[in-house]
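Here are a few notes to go with your first look at this one. Have the sequence and the 3D view open as you read.

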Amino acid sequence: MIEPESSKTYELGASGSFWDGRGRFQSTLFRVDFDDLIATTVTSVGTDDQGTQVINIGKQRAEGFELSGGFAWSEQLNMSVNLSILDSAFTFFPNANCTEHEVRTAAESGCLFFEDDGTSLPLSTDPDDIDVAVIDRAGQTAAYSPKFGITYGIDYWVPFRGLKVDTGALVTYQSSYFSDFREFDKSNIQRGAADLNLHIGIGEMTDKWRLGLALRNLLEP
């Protein structure tokens with residue numbers, strides 16, 4: 001039975017402008033406490049029985065800082081930035097799956113073995129004879145939770161024969177994170193990556209129409 005998910009959010013924020021309104025900013029300190037967090041996991045990966053399962057994974061706390069802002073160097077040149085710092089961890093997750101490494105090093109990792117009926121098995125049990133291997137992940141960094149992210153954008157336009165020619169770039173970076181909350185293994189780490197988007201366009205000075213070209217994900221391998 002799936003229990004309803006609930007959360008409590010605490011925020012402290014500030015916003016304002018500077019340099020005669022040419023610059024603006026918004027900043028937020030936040031904390032979110034999740035209870036009976038609902039998530040979807042993939043089961044029987046790579047087999048004919050592969051499917052999905054919705055479960056409660058316990059309690060999770062996410063806290064961090066977000067800052068966004070922009071600055072107009074001139075009427076034609078604008079810059080923007082978005083920064084995020086996140087610390088997200090499980091505070092209660094007693095029945096998480098063990099990784100293969102945790103199974104092999106159960107005495108040190110804290111991994112516990114059981115039969116399908118819940119009967120406890122000794123740590124010396126052959127891995128092939130283990131039906132269920134679980135571990136308490138309280139304190140473990142949560143999945144899908146990059147600790148750092150930043151986006152920086154710049155836009156510039158010039159008049160050209162009664163029209164507006166605009167160009168710009170958007171650079172993003174996101175630090176590494178676990179991509180599966182059930183398998184905290186090195187193979188499930190999404191590496192930190194940067195990306196670049198570019199655009200150029202031409203249109204009417206009051207933006208009634210515009211033709212443009214956009215190039216996306218230029219730094220992807």
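1. Searching the whole structure turns up 1 disulfide. Keep in mind that this is a predicted model. The partners are Cys-98 and Cys-111, with their sulfur atoms 2.1 Å apart.

2. What does that link tie together? Cys-98 sits in the loop between β7 (96-97) and α1 (100-104), while Cys-111 sits in the loop between α2 (106-109) and β8 (112-114), so the pair joins parts that are 13 residues apart in sequence.

3. A word on the geometry: the link of Cys-98 and Cys-111 is right-handed, with 115 degrees about the S-S bond. If you go looking for the two cysteines, note that both Cys-98 and Cys-111 are buried.

4. Now for the backbone. Most residues other than glycine have a negative phi. Tyr-144 has a positive one, near 55 degrees, and is not a glycine. You'll find Tyr-144 in the loop between β10 (132-135) and β11 (148-160).

5. Arg-161 is another case: its phi is positive, about 55 degrees, although Arg-161 is not a glycine either. This residue lies in the loop between β11 and β12 (163-174).

6. The cut-off for exposed is over 50%.

Note on methods
Residues are numbered from 1 along each chain as its sequence is written. This is a predicted model: local features need pLDDT of at least 70, side-chain atom pairs count only at pLDDT 80 or more; totals for chains, interfaces and linings use all residues. Side-chain values use heavy atoms; hydrogens and water are left out. A disulfide is a pair of cysteine sulfur atoms within 2.5 Å. Helices (H or I, at least four residues) and strands (E, at least two) are DSSP runs, numbered from the N terminus. Buried means under 20% relative accessible area, exposed over 50%, partly exposed in between (1.4 Å probe, protein chains only).
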